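Please examine the structure below with attention to its side-chain contacts. The discussion takes up charged pairs and then aromatic rings.

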Amino acid sequence: HMLAAQFGLPFILAYVASYMLVAMGIFNVILAVYVDITMRAAKENDATTAEQYSRESVRIARTTRELLKKFAGAYHQFQNLEEPDLADALHGKSKNRIDVRSS
C-alpha cells in the first residue's frame, strides 16, 4: 500500500505489466526447451523409423525372391515330367519325387 500511495496508479500498472512480462518470459523459455526436446526426439524417431522401413523392405524383397525361386523350380520340374508321369504324380503313384524345399 505504501508504494501505491506514494507513486499512484501508474506505478501499480507498470509493476503488474512488468511482473506479467517476466512470468510470461519464464514460461516461454520453459516451453521452448520442452518443444526443442520433443522435436529432437521426433527427428530421431523418424530416422529410426525410416531405417527400419528400409531394412524391412529389403527383407521382404529377399523373401519374395526366394519364394519366386522355389515356384520357378517347381514349375520347371513339372514341365520336365512326361505326360504319363504327370498323371501318375497327380494320383500319387509317381516314382519321381519333387522337392520344392530345395533352393
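In this predicted model, D36 has a relative accessibility of 41% and therefore counts as partly exposed, since that class lies between the limits of under 20% for buried and over 50% for exposed. The side chain of D36 joins that of R40 in a salt bridge, with 2.6 Å from N to O. R40 is likewise assigned to the partly exposed class, its relative accessible area being 46%. Why are D36 and R40 separated by about one helical turn? The two are 4 residues apart in helix 2, which spans residues 9-80, so the separation amounts to about one turn.

How many salt bridges does a search of the whole structure find? The search returns 4, and the pair of R55 and E51 is a further example of such a contact, with an N to O distance of 3.1 Å between the side chains. R55 and E51 also belong to helix 2, and because they are 4 residues apart there, about one helical turn separates them. E51 is partly exposed, at a relative accessible area of 46%.

A salt bridge also connects E56 with R59, whose closest N and O atoms are 2.7 Å apart. Here the spacing within helix 2 is 3 residues, again described as about one turn of the helix. With a relative accessible area of 34%, E56 is partly exposed, and R59, at 47% relative accessibility, is placed in the partly exposed class too.

The aromatic side chains come next. A pair of aromatic rings is described by two quantities, the distance of the centres and the angle of the planes. The structure contains 3 aromatic pairs. One of them is formed by F7 and F11, with 5.5 Å centre to centre and 40° between the planes. This pair is classed as tilted, because stacked requires planes under 30 degrees apart and edge-to-face requires over 60. F7 is partly exposed at 48% relative accessibility, and F11 is partly exposed with a relative accessible area of 30%.

F11 also pairs with Y15, at 6.3 Å centre to centre and with 25° between the planes. Is the pair of F11 and Y15 stacked or tilted? The pair is stacked, since its plane angle falls under the limit of 30 degrees. Both F11 and Y15 lie in helix 2, where they are 4 residues apart, about one turn of the helix. Ring pairs link F7, F11, Y15 and Y19 into a cluster.

Notes:
Residues are numbered from 1 along each chain as its sequence is written. This is a predicted model: local features need pLDDT of at least 70, side-chain atom pairs count only at pLDDT 80 or more; totals for chains, interfaces and linings use all residues. Side-chain values use heavy atoms; hydrogens and water are left out. Buried means under 20% relative accessible area, exposed over 50%, partly exposed in between (1.4 Å probe, protein chains only). Rings of Phe, Tyr and Trp (its six-membered ring) pair if their centres lie within 6.5 Å; planes under 30 degrees apart count as stacked, over 60 as edge-to-face and the rest as tilted.
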